[in-house]
Amino acid sequence: MKNAIKQITVMTLVLIILVSGINIDSYASDKKAQSRKAIKAYSKVLSNSIKTAKVIDSGNDVTKLPKNVSNLWMDQYRHLTLMHMGDVSPIYSIQDINKDGIPELFVGIKFTSAGRTKCTINAVYTYKKKVIMLFEGTGDRASVDFYKNGILSTSHYGGAGMYGYTFYKLPKKSVKPKNIEQVEAEWGKFTKSVNGGSMKSCTSEDFNAVVAKYDKKKISPKWYKLNKNAVNASKKGYASYKAYKKAK
């Protein structure tokens, strides 16, 4: 009797392990399929961004902005080109920053200023049945940054006395970013809010402490040159041409 019970227990454990393995494999496969679908959808954004950059590079004005191309990205690209900054080129990065199986798309600009190469995030997209633009900025007076644990920020600079930062958390079950912290400076007066609440007076030390807290967790995207190869790779569901060539 005891042997029979042991055999039943062992068989039950084996079945649980097998079923769990199937569920894990199925979940992993589903996440991979979702990721590929999002990346394929981003190919149109990448293609339209290249077309916009080419028009600006030729010295012409963009008469009609293609769908899902950031207006602020276009303005900054045009500004840097007219300023004759060195090595002005469109760049992009695709990575899942909040680990929900749907990678985000970052579109930016690479340029050289005062002998230093700089890369800015100018637009952030996600995918939920369609491509959705989450954030955009110029990279100059309105910048976008991201941090560990799926956190992004937008910042603005209106002169020596007016500037501020808003920090957002990208949830896993929604495409709507959650405002988790905001700080503003206005001519020596500082305010702060938490979780989208009302702005309340704070000290300059409080302001700087919030900014410093997130700066420690700031991440730089792994940028790739935005060109025809990048578009072709994304059409096949790959985050970069390098990943596409490796898989071939």
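The legends below describe close-up views of a predicted model.

**Figure 1. Overall make-up of the protein.** The predicted model contains five helices and twelve strands. Of the 248 residues in the protein, 38% are buried. When contacts between residues at least 6 apart in sequence are considered, 45% of them join residues at least 24 apart.

**Figure 2. Strand 2 and its two pairing partners.** Strand 2 spans residues 104-113, and eight of its ten residues are buried, so this strand is largely enclosed by the rest of the structure. Strand 1, which covers residues 86-95, pairs with strand 2 in the antiparallel sense over eight bridges, and within this pairing Ile91 stands opposite Gly108 of strand 2. Strand 2 is also joined to strand 3 by nine bridges, and these two strands likewise run antiparallel; here Phe111 stands opposite Lys118 of strand 3. The hairpin of strand 2 and strand 3 has two residues between the strands, and in this hairpin Ala114 takes a positive phi near 55°.

**Figure 3. The largest nonpolar core and the surroundings of Tyr125.** This core holds 29 residues, of which Tyr42, Trp73, Leu105 and Tyr125 touch the most other members. At least two residues of the core come from each of helix 1, helix 2 (71-82), strand 1, strand 2, strand 3 and helix 4 (228-235), and helix 1 gives the most, with eight residues. With residues up to four places away in sequence left out of the count, Tyr125 touches Tyr42, Val45, Asn68, Val69, Ser70, Glu104, Leu105, Val107, Val131, Ile132, Met133 and Leu134. Another core, of 13 residues, lies apart from the largest one and includes Ile91, Val124, Leu134 and Leu152.

**Figure 4. The largest pocket and its lining.** The volume of the largest pocket is about 340 Å³. Its lining is made up of 17 residues, and those closest to the centre of the pocket are Gln34, Asp100, Ile102, Tyr127 and Lys128. Helix 1, which runs over residues 2-57, and strand 3, which runs over residues 116-127, each contribute at least two residues to this lining. Divided by class, the lining of the largest pocket consists of six nonpolar, four polar and seven charged residues.

**Figure 5. The second largest pocket and its lining.** About 290 Å³ of space is found in the second largest pocket. This pocket is lined by 17 residues, and Cys119, Thr120, Ser143, Val144 and Asp145 are the ones closest to its centre. Two or more lining residues are given by each of strand 3, strand 5 (142-147), strand 6 (151-157) and strand 11 (218-219). Seven of the residues that line the second largest pocket are nonpolar, six are polar and four are charged.

**Figure 6. Thr138 in its loop.** Thr138 is placed in the loop between strand 4, which covers residues 131-136, and strand 5. Leaving aside residues up to four places away in sequence, Thr138 touches Leu72, Gln76 and Asn122.

Definitions and conventions: Residues are numbered from 1 along each chain as its sequence is written. This is a predicted model: local features need pLDDT of at least 70, side-chain atom pairs count only at pLDDT 80 or more; totals for chains, interfaces and linings use all residues. Side-chain values use heavy atoms; hydrogens and water are left out. On a 1 Å grid over the protein atoms alone, a cavity is a set of points where a 1.4 Å probe fits but cannot get out, and a pocket is an open set with protein on both sides within 12 Å along at least five of seven lines; lining residues have an atom within 4 Å of a point. Grid points are joined across faces, edges and corners, and a volume is the space filled by probe spheres set on the points. Helices (H or I, at least four residues) and strands (E, at least two) are DSSP runs, numbered from the N terminus. Ala, Val, Leu, Ile, Met, Phe, Trp, Tyr, Cys and Pro count as nonpolar, Asp, Glu, Lys and Arg as charged, and the others, Gly among them, as polar. Buried means under 20% relative accessible area, exposed over 50%, partly exposed in between (1.4 Å probe, protein chains only). Two strands pair if DSSP finds at least two bridges between them. A nonpolar core is a set of buried Ala, Val, Leu, Ile, Met, Phe, Trp, Tyr and Cys residues joined through side-chain atoms within 4.5 Å. Contact means heavy atoms within 4.5 Å.
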